[in-house]
There are 2 protein chains.
Amino acid sequence: MARDDAPQQDMFASELRTHHTADAHDFLGFAPPASEDEALDWLQLIRSPRIGPTTFLKLLRKHRSARRALDALPDSAWEAGLRDYRPAERQVAEREYRAGQKLGAHLLALSSVRYSAQLSQINDPPPLLWCLGDVGLMTRECIGIAGARNASSLGMRLTRALAKGLGSEGAVIVSGVARGIDRTAHEAALETGTIGVLAGGVDVIYPRENTDIYEKMREDGLLISEQPPGMQPQARHFPRRNRLISGLSLGIVIPEAATKSGSLITARDASDQGREVMAVPGHPFDARAAGCNQLLREGATLIRNADDVLDALRPLVDAPQPGPVEGDAMAPRRANPTASNPDSRPPPPDQIRARILAHLGAAPLPEDQLIRDLVLPAAAATSALVELEMAGRVIRHPGGALSLGG
Amino acid sequence: MARDDAPQQDMFASELRTHHTADAHDFLGFAPPASEDEALDWLQLIRSPRIGPTTFLKLLRKHRSARRALDALPDSAWEAGLRDYRPAERQVAEREYRAGQKLGAHLLALSSVRYSAQLSQINDPPPLLWCLGDVGLMTRECIGIAGARNASSLGMRLTRALAKGLGSEGAVIVSGVARGIDRTAHEAALETGTIGVLAGGVDVIYPRENTDIYEKMREDGLLISEQPPGMQPQARHFPRRNRLISGLSLGIVIPEAATKSGSLITARDASDQGREVMAVPGHPFDARAAGCNQLLREGATLIRNADDVLDALRPLVDAPQPGPVEGDAMAPRRANPTASNPDSRPPPPDQIRARILAHLGAAPLPEDQLIRDLVLPAAAATSALVELEMAGRVIRHPGGALSLGG
């Protein structure tokens, strides 16, 4: 592999200050599992009902270990009004762990040095990732490519040129192992480095016709999934998967997309994550370019070739990594919300929960906006939100915004 | 004609505050010719050697009439070191005037109520325009269209859709009566209103194959030229003509253009004039779209249809008209240069001229920049520049920037 022969080959090699040190993960406030037993604690916690990545993170920060979080879960659920809450069984975690080992998959934990620093900065990074292949790819500079499954031959030619050009500059190409643009991007980047993010389990090939490229990527690239091995992909898994494609990446390129395509949602989510959104234009009479032209009108960077992508991303590599942003990343970034008054005594928990429920509606609201609106101490608000999420009273959306549950 | 049947039909009719009142011209500081004799003075002055539109304007402001400016010319030339300077003969003006009358052309003077207020605000508006057709079109909201002469059928279809769509909203389409995009735009807008700006005389049809559309426009549209009737267009006339297309317009749309095409220069000049620059995207593998994609990367507004153009221009119609800007109009507008100290006594003229010549180089420098750099009183600098321009020591470029002459 070209990659193995030239381990120093990296995009912007001369300018690169690597962010992938253990220090970069300090801000998470906890360490990765130090034993198999602790890894099983993590698995058991993340597979428990109503525990998503954000809640997992909060519980781990609050309780300092997954074990203690699991022990406290029944009480937290009771407080949240859930009378029949049960965490996942230990056996579920053990079965998943063994299944992964049997596949030869690596279980990578958030806050581990090998976990993508880029991904760890999104609002809802997966606590655990199943990995098949070269895990080292994840700590290189990644660029996402997403687009139409029924792409035109022009769109696929351009995708090939982009992926090859970016790969030859040392970038790793991240995509979703789907038909069309995804597959073309992975194929063109096989020799230089490519990561496929799967919607289902890391061993579940979808669509089946992509078996050949899947096998090649397991050999020469990297396949990752936050789902348990064996999980068949369901509709709700795809937007979750797409947040990982952009989350791993400095930016995401859309080489071809119609309006109302999933790629546009991916692009907007990427923008919410603070990622650079880049799109390839097309003639207005070509419906397959309509989504890209729409993104360009919304402020995406116009891309004609790999150089345009590198030009757009160079400032991001040179500058300190921005944290995730709420709302429209095309708009000027908001200043950090002013910390709520830390001196004042927080209202009692039931009152906080009531105020949160009264303030939220059906439309998702960013969490920091909620906390500012209600002028709540962040710690107390976080505790209340964990309970409300577990109770299903509050729904957390990809990107971290909140709305009222059913 | 639809235009005559519905004289009130105008773009953004409900929101439109018309700028085309006599008051709008007050800032020019002089009145249009009040007699045939005065019109001949204007013609004689503008046809004199080394007198371009900017110098004409300065002389008229300084001397208060073209007659007095003509009388003062030999002395000014002498002061500027020109020993053999001769203004144009009276006969030249008389011949041109008679030729225009014979064509049935109207001689429209800057500061006349019928002269385009939009055009009068550029740095170098023509003092006189020969007009054939419906002069009233010039005071309606105009939108320029420029692009490839060897346009693709796709480019021409899109041009037609744009011109028809904008025309039906009451906009007048301005273009250059060339092959390809220009011709297509004029044809599509014949019924709703179109202005052709000619590089040569208003009676010189170039290219000949456009005779049919030229004849139709004389009937149902408007043809204008700042050159004397009979003048064959020369290479240097085309960029001068293009500044009038954008000068008349709120903004200019480029439906299709390759790199290194004249349309890109037109677009950048339009941007220097403070005009909205709009471009239609194309696929990066289509060389005929490369110029447009380049403009889009430089900040032009992406246009898919007539509605996108109207959306881009609506704020300009609602807001007070901006004056021309130096440099890149895509960049934030500079604040007005601070007036140079009016109390201090200006240096002697020869010293001012020497300082200007020492400061200028081969690269064009905006005039206000020069005056700021040298901290000169504006009036004294203006006088010195008039003399230096007439002497050919300083060259004034389209857009008003200055460089050292040969």
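# Close-up views of domain and chain contacts

**View 1. One salt bridge is found across the interface of domain 1 of chain A and domain 3 of chain A.** A salt bridge here is a side-chain nitrogen of Lys or Arg within 4 Å of a carboxyl oxygen of Asp or Glu. This is a predicted model, in which local features need pLDDT of at least 70 and side-chain atom pairs count only at pLDDT 80 or more, while totals for chains, interfaces and linings use all residues. Residues are numbered from 1 along each chain as its sequence is written, chains are lettered from A and ligands numbered from 1 in the order in which they are written, and side-chain values use heavy atoms, with hydrogens and water left out. A:Lys58 pairs with A:Glu367 in a salt bridge whose closest N and O atoms lie 2.8 Å apart. Helix 3 (53-63) and helix 4 (66-79) of chain A each give two or more residues to the side of domain 1 that touches domain 3; helices are DSSP runs of H or I with at least four residues, strands are runs of E with at least two, and both are numbered from the N terminus. Helix 3 of chain A gives the most to that side, 5 residues.

View 2. Domain 1 spans 33-105, domain 2 spans 129-318 and domain 3 spans 337-404 in chain A, with bounds from an automatic or database domain assignment. The centres of domain 1 and domain 3 of chain A, taken over C-alpha atoms, are 23 Å apart. Contact (heavy atoms within 4.5 Å) joins 14 residues of domain 1 to 12 residues of domain 3 in chain A.

**View 3. A salt bridge joins A:Asp41 and A:Arg90 (2.6 Å, N to O).** A:Asp41 sits in helix 2 (residues 36-46) of chain A and A:Arg90 in helix 5 (residues 90-103) of chain A, so described as distant parts of the chain, 49 residues apart.

**View 4. Chain B and chain A bury about 1800 Å² between them.** Of this area, 67% is on carbon and sulfur atoms. Each chain brings 19 residues to the contact. The interface of chain B and chain A has 2 salt bridges. In a salt bridge of B:Arg297 with A:Asp308, the closest N and O atoms are 3.3 Å apart. Helix 7 (153-168), helix 12 (290-297), strand 9 (301-302) and helix 13 (306-318) of chain B each supply at least two residues of the side that touches chain A. Helix 12 of chain B provides the largest share of that side, 4 residues.

**View 5. Chain B superposes on chain A by a rotation of 179° with 0.1 Å of shift along its axis (RMSD 0.1 Å).** That is the relation of a two-fold axis. The superposition is by least squares on the C-alpha atoms of residues with pLDDT of at least 70 in both copies. B:Gly282 comes closest to the rotation axis among the residues of chain B, at 2.1 Å (C-alpha). The copies meet through the same surface, because 100% of the interface residues of chain B are also interface residues in chain A.

Terms used:
Buried area = accessible area lost by both parts, 1.4 Å probe.
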